[in-house]
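Keep the viewer open while you go through them.

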Amino acid sequence: MRGLFPNQRVSDDSLSPLRIRDSPRARVDQTFKSMEEREMKLPERAEEILETLWMGIVEDQKNSLSLGLSEREDAVAELLEGGYIQVADGDVFLEEKGREEGERIIRRHRLAERLLVDVLDVKRGFTPEMGCKFEHLLHEGIDENVCTLLGHPKICPHGKLIPPGRCCQKSAREVARVVCPLKDLDVKDGGTIAYLATNDEGRLHKLMALGALPGLRVTMIQKFPSYVFQVGHSQFAVDQEMAGGIYVRLEKDSNHF
Amino acid sequence: MRLAIKVWEKFQGEGCHGQSHSLLTEEKRGKIAIVGSPNVGKSVLFHRLTGTYVTVSNYPGTTVEVSRGKGTIGEEIFEVIDTPGMYSLLPVTEEERVARSILLEESPDIILHVVDAKNLERMLPLTLQLLETGLSLVLILNIIDEAERLGMQFDLSLLEKRLGIPVVATISTTGQGIDTLKEVILERLKESYCANLFPYEEPMENLLKEFEAKIQGDYGFSRRSLAAMLLQEDSEISRLAREKERDYGPITSAVEGAKGQFPHPISYELALERQRIASRVVHEGTRFGPKAQGNWVEWLSRRMISPWTGIPILLLILYYGIYWFVGDFGAGVLVDFLEGTIFEGNINPWVTKLINSLFPWKILQELLVGEYGALTLGVRYAVALILPIVTTFFLAFSILEDTGYLPRLSLLIDRIFKAIGLTGRAVIPMVLGLGCDTMATMVTRTLPTRRERIIATLLLALAIPCSAQLGVILALFEGNPLGLWIWLGVIISVFLFVGFLSSKVIPGERPSFYMEIPPLRLPKGSNVLIKTYSRVHWYFREIFPLFILASVFIWLGQISGLFDIVVRGLEYPIRLLGLPDKAAVSFLFGFFRRDYGAAGFYDMKKMGLLSGHQLVVAAVTLTLFVPCVAQFLMNIKERGMRTGVGLSLFVLLFSFGTGYLIHLVLNTLGVRL
């Protein structure tokens with residue numbers, strides 16, 4: 001079944017939201033509802049709670065968070081019922097199930113942010129809320145396509161890690177690449193530097209010192225034994241780690257002449 | 001009186017950012033600082049302005065020792081400072097830190113920012129940072145000829161207008177544009193005109209202005225510049241501000257608050273903003289015409305960096321450069337001539353007669369003109385043996401360096417070097433080690449991490465023979481090519497093996513490799529000669545005295561009998577290796593001078609005392625043997641007493657161990673050489 005992008009493999013689930021474009025409004029609502037029913041999708045509020053919990057407990061490595069939540073709130077009740085969380089004395093703990101689901105939600109959220117900033121080029125007025133709303137639309141399965149489209153990015157625009165998914169391990173390349181790390185460019189490919197993977201300040205400074213900055217055009221010259229590329233009228237050589245830190249937006253006609 | 005005041009006022013300029021520039025007065029000598037990324041021709045410009053030439057080099061860190069000179073422009077005398085290569089005011093390397101400190105602490109009267117004209121877009125962001133500091137600035141578009149060959153044309157007056165500072169185009173190697181530059185410098189010093197401030201986009205600009213207001217103290221840079229660096233959490237500037245500001249608290253909280261305002265780290269945002277401004281300015285000020293040159297240079301460059309053609313090219317260079325030029329010509333022709341004809345034929349007998357007649361005391365005669373005499377052996381070796389070999393090596397190295405080949409070699413071997421805990425950058429000290437290990441050990445300073453420095457020092461001490469030793473070893477194996485190949489094979493294996501082991505054992509972070517690849521250029525005769533001269537000069541100044549000292553020690557050791565005791569002690573391990581007792585002396589010498597040791601064996605070979613088998617064992621052990629006394633001292637100086645001595649001990653034990661192993665293997669295999 002063909003999806004939005006050429007060469008895209010899409011699951012054969014007949015309720016895939018990609019078909020929603022052709023459906024009138026009523027069927028949209030219905031489709032969403034049945035999706036939720038089928039997958040026991042958590043309501044937005046519950047997802048947000050899990051997100052906060054995951055960031056606090058897993059990322060910031062706290063034992064628990066005291067969020068001032070009331071057990072009477074619907075979302076909290078649902079999370080408790082579903083076995084995602086545990087509440088004791090006002091402190092909230094994450095269960096294994098909650099950890100997994102939280103990670104999935106964070107992954108979709110951060111991929112959504114990457115999508116907004118890189119492909120849809122939203123710069124000014126980029127608010128966390130936009131990422132949030134967008135993320136709720138990203139359904140399981142689509143996140144893999146988006147991830148592949150973006151070249152399996154490792155960090156979100158804020159510099160936080162994006163939890164990897166199945167597609168990252170397989171490194172699926174069926175979806176046409178739009179943004180990918182420099183090391184995945186083929187020789188003679190060119191593009192514009194989209195962003196630098198910034199979670200290592202040292203590496204970031206080194207890359208900036210070289211002059212590899214977003215907005216500049218880059219062309220791949222050689223990949224083995226070291227990555228050699230051209231920016232402007234200068235050539236640089238880097239090793240694989242550094243080449244993995246520069247993300248490039250491919251030019252439309254750059255795929256293999 | 002009024003005139004005097006007027007003149008005084010004219011000299012006391014008020015800078016734009018609330019600072020007074022100290023301009024040139026009759027008494028004070030003005031300071032000029034030359035600033036820019038590596039490889040743009042700063043050092044050549046320095047030479048043009050001062051007349052004192054400094055080694056011009058492609059590889060990072062050569063200019064870590066800051067060069068200063070006196071320059072005369074018109075009637076005025078200046079102190080000119082050549083700063084280390086700097087990519088940004090936020091330093092990543094030691095060199096950049098030094099460069100920034102010079103600007104911050106010495107407040108030069110003028111900064112000359114030298115850029116590679118064709119890369120203006122990439123380099124202009126640094127100009128913007130320098131503009132922000134409030135110091136007086138001139139932009140120099142150097143290597144303008146290469147830019148023009150690519151079809152680029154610059155509208156200098158437009159650039160001047162947009163940037164608010166003088167812009168001069170030059171070719172520092174030929175001197176074109178330098179006179180204009182000198183006039184501009186004099187002009188610039190007489191006035192203090194304000195450079196246009198480039199406002200950033202709203203949120204960043206407001207943030208900077210707010211932050212600026214919080215800073216009370218006076219620094220070498222403008223407050224805006226300080227604000228930017230504090231926001232990016234530069235450790236050195238933060239420390240400076242902490243000392244200077246009475247109340248640092250609000251600054252700390254402001255920095256934390258600022259971080260949340262942007263999706264990316266502030267250093268990233270600022271870099272993006274500056275790049276945007278720079279790109280805009282460059283596109284306005286540059287026009288593109290037709291390209292003039294063909295592309296054979298690029299073709300050659302590609303052949304050099306591709307492994308299929310690059311490795312053969314490297315082997316060719318090694319063969320013609322090292323083996324033929326240094327070995328055959330240097331160690332062969334030149335040495336034979338100098339040693340045989342000049343010294344042994346003429347100087348030595350004459351000196352011996354002279355000394356013997358001047359000083360009737362046998363002991364003194366021994367010291368000066370005896371078998372190991374300071375004059376007959378020490379000086380002879382230094383001038384007739386070392387000088388030609390070392391000079392030919394440095395000549396070949398300087399040619400290679402000047403063409404820009406070395407970075408291309410680095411990228412070819414980076415992966416292999418990664419396996420031994422180093423990166424492609426280490427290729428420079430390693431290749432230099434084939435010339436003089438002591439000098440190479442000093443150059444290991446430029447390696448970024450401590451782990452790399454230790455591994456490199458170890459490998460230099462163990463498995464890299466210096467040119468003097470190489471020359472003699474090549475002579476040793478004359479007529480015995482199989483022996484030579486075995487020796488080579490063993491040394492390379494030891495190099496890789498020990499390197500691999502140390503990369504596993506020595507703790508530290510894994511280094512990353514990133515390097516600019518400069519365009520290939522034809523080596524310039526004057527550059528090459530001057531570089532070679534300065535290296536040979538260094539060698540003689542630093543190493544030569546140590547070797548004379550070595551002669552003295554040997555003499556002392558002999559007359560005290562200590563010498564004989566040590567030699568006797570060495571005979572046991574020597575016998576284990578299957579070598580004749582006489583070899584012990586050579587090994588002891590090998591510590592003082594690596595080539596002494598090899599030369600001793602050469603003498604033995606000439607006398608027919610060594611079988612081919614013994615030759616290989618001796619050569620291997622000698623090559624791996626402890627570093628010469630100069631290198632030993634340099635190891636301690638660079639790496640510290642503990643590491644330095646530890647390395648040398650390891651090398652001592654390892655070398656004998658390997659010699660023994662080779663001896664056993666050759667015996668067992670029954671190899672006839």
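1. First, a term for what follows: two residues are in contact if their C-beta atoms, placed from the backbone, lie within 7 Å. This is a predicted model, in which local features need pLDDT of at least 70 and side-chain atom pairs count only at pLDDT 80 or more, while totals for chains, interfaces and linings use all residues. Residues are numbered from 1 along each chain as its sequence is written, with chains lettered from A and ligands numbered from 1 in the order in which they are written.

2. Let's start with A:Pro157, in the loop between α6 and α7 (166-170) of chain A. (Helices are DSSP runs of H or I with at least four residues, strands are runs of E with at least two, and both are numbered from the N terminus.) Is A:Pro157 buried or exposed? A:Pro157 is buried, because 20 other C-beta atoms lie within 10 Å. The scale here is 20 or more other C-beta atoms within 10 Å of a residue's own for buried, 12 or fewer for exposed and partly exposed in between, with C-beta atoms placed from the backbone. Leaving out neighbours within four places in sequence, A:Pro157 is in contact with A:Glu113, A:Arg114 and A:Val117, and also with B:Pro263 and B:His264 from the other chain. A:Asp118 is 39 residues away along the chain, yet its C-alpha atom is 9.0 Å from that of A:Pro157.

3. After α6(A) comes A:Gly151, with a positive phi near 80°.

4. Now the cores. A nonpolar core is a set of buried Ala, Val, Leu, Ile, Met, Phe, Trp, Tyr and Cys residues joined through C-beta atoms within 7 Å. The largest one has 222 residues, and A:Val248 and B:Ile34 touch the most other members. Helix α16 (residues 374-403) of chain B gives the largest share, 15 residues. This core lies between domain 1 (42-175) and domain 2 (179-250) of chain A, because both give residues to it; those bounds come from an automatic or database domain assignment. There is also a second, separate core of 15 residues, including A:Leu50 and A:Ile57.

5. Where do the chains meet? In numbers, 32 residues of chain A are in contact with 32 residues of chain B. On the chain A side, α8(A) gives the most, with seven residues. One pairing to check is β7(A) with β11 (residues 514-517) of chain B: they run antiparallel and four bridges join them, with A:Val238 opposite B:Tyr514. Strands count as paired if DSSP finds at least two bridges between them.

6. Last, chain B: 49% of its 673 residues count as buried, and its secondary structure comes to 30 helices and 11 strands. One open sheet has six strands in the order β4-β5-β3-β6-β7-β9, with mixed pairing. Its edge strands are β4 (67-73) and β9 (167-169), each pairing on one side only. Strand β7 (residues 137-142) of chain B and β9(B) pair in the parallel sense over three bridges, and B:Leu141 has B:Ala169 as its bridge partner.
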